[in-house]
Amino acid sequence: VNGTCIYCGKQISLSQFLNGIEADVEHIIPKSVLFDNSFANKTLSHVECNKAKGNKTAYDYMLSLGEDHTQRFSKQVELLFFKPVIQSLTMVLGRHT
């Protein structure tokens with residue numbers, strides 16, 4: 001996610017991530033809902049954003065914040081999906097054809 005919180009869109013510094021106090025690797029679809037602990041179900045977020053999301057899916061949480069937030073989120077997800085870096089990572093993980 002390019003060092004950006006998927007929920008608020010603000011930058012997460014390397015030190016925030018490494019100290020583990022201000023940033024989380026969190027489940028896009030809560031484990032309690034999907035039981036999926038795979039890499040594909042995880043993203044980077046601020047701890048406060050993750051707490052606010054609670055047990056909602058990422059999309060449901062963004063919907064609860066309103067149309068502007070949902071549109072920004074959808075655009076960010078689309079950019080990440082079509083970004084060559086994501087495709088390269090998929091190839092490194094052995095998920096290419």
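**Reading the chain, its core and its surface**

Analyst: Of the 97 residues of the protein chain, 27% count as buried. The model is a predicted one.

User: How many helices and strands are there, and in which pattern do they follow one another?

Analyst: The protein chain holds six helices and two strands. Along the sequence, the pattern reads α-β-α-β-α-α-α-α.

User: Which residues make up the largest nonpolar core?

Analyst: A nonpolar core is a set of buried nonpolar residues joined through side-chain atoms within 4.5 Å. Here the largest one has 12 residues: Cys5, Ile6, Tyr7, Ile12, Ala23, Leu44, Cys49, Ala58, Tyr61, Met62, Phe73 and Leu80. Helix H4 (58–65) and helix H5 are the elements that give two or more residues to this core. The greatest contribution is that of H4, with three residues.

User: Which residues of H5 are buried, and where do they lie around the axis of the helix?

Analyst: A residue counts as buried under 20% relative accessible area and as exposed over 50%. In H5, the buried residues are Thr70, Phe73, Gln76 and Leu80. Seen down the axis of H5, the buried residues fall within an arc of 130°, so they line one face of the helix.

User: Which residues make the nonpolar surface patch, and which helix gives the most to it?

Analyst: A patch of this kind is made of nonpolar side chains joined within 5 Å, from residues with over 30% relative accessible area. Leu14, Phe17, Leu18 and Val25 make a nonpolar surface patch of about 420 Å². Helix H1 (residues 14–19) gives the most to the patch, with three residues. Leu18 has its place in helix H1, and its relative accessibility of 63% is why Leu18 counts as exposed.

User: Where does Phe39 lie, and is Phe39 buried or exposed?

Analyst: Phe39 is found in the loop between helix H2 (31–34) and strand E2 (42–46). At 52% relative accessibility, Phe39 counts as exposed. Phe39 and Val25 are 14 residues apart along the chain, and their C-alpha atoms are separated by 9.8 Å.

How values were computed:
Residues are numbered from 1 along each chain as its sequence is written. This is a predicted model: local features need pLDDT of at least 70, side-chain atom pairs count only at pLDDT 80 or more; totals for chains, interfaces and linings use all residues. Side-chain values use heavy atoms; hydrogens and water are left out. Buried means under 20% relative accessible area, exposed over 50%, partly exposed in between (1.4 Å probe, protein chains only). Helices (H or I, at least four residues) and strands (E, at least two) are DSSP runs, numbered from the N terminus. The arc is that of the directions from the helix axis to the C-beta atoms. Patches are made of residues with over 30% relative accessible area and no salt bridge: like charges are joined within 9 Å, nonpolar side chains (Val, Leu, Ile, Met, Phe, Trp, Tyr) within 5 Å. Accessible areas come from the Shrake-Rupley method with a 1.4 Å probe; for residues, only the protein chains shown count as cover. A salt bridge is a side-chain nitrogen of Lys or Arg within 4 Å of a carboxyl oxygen of Asp or Glu.
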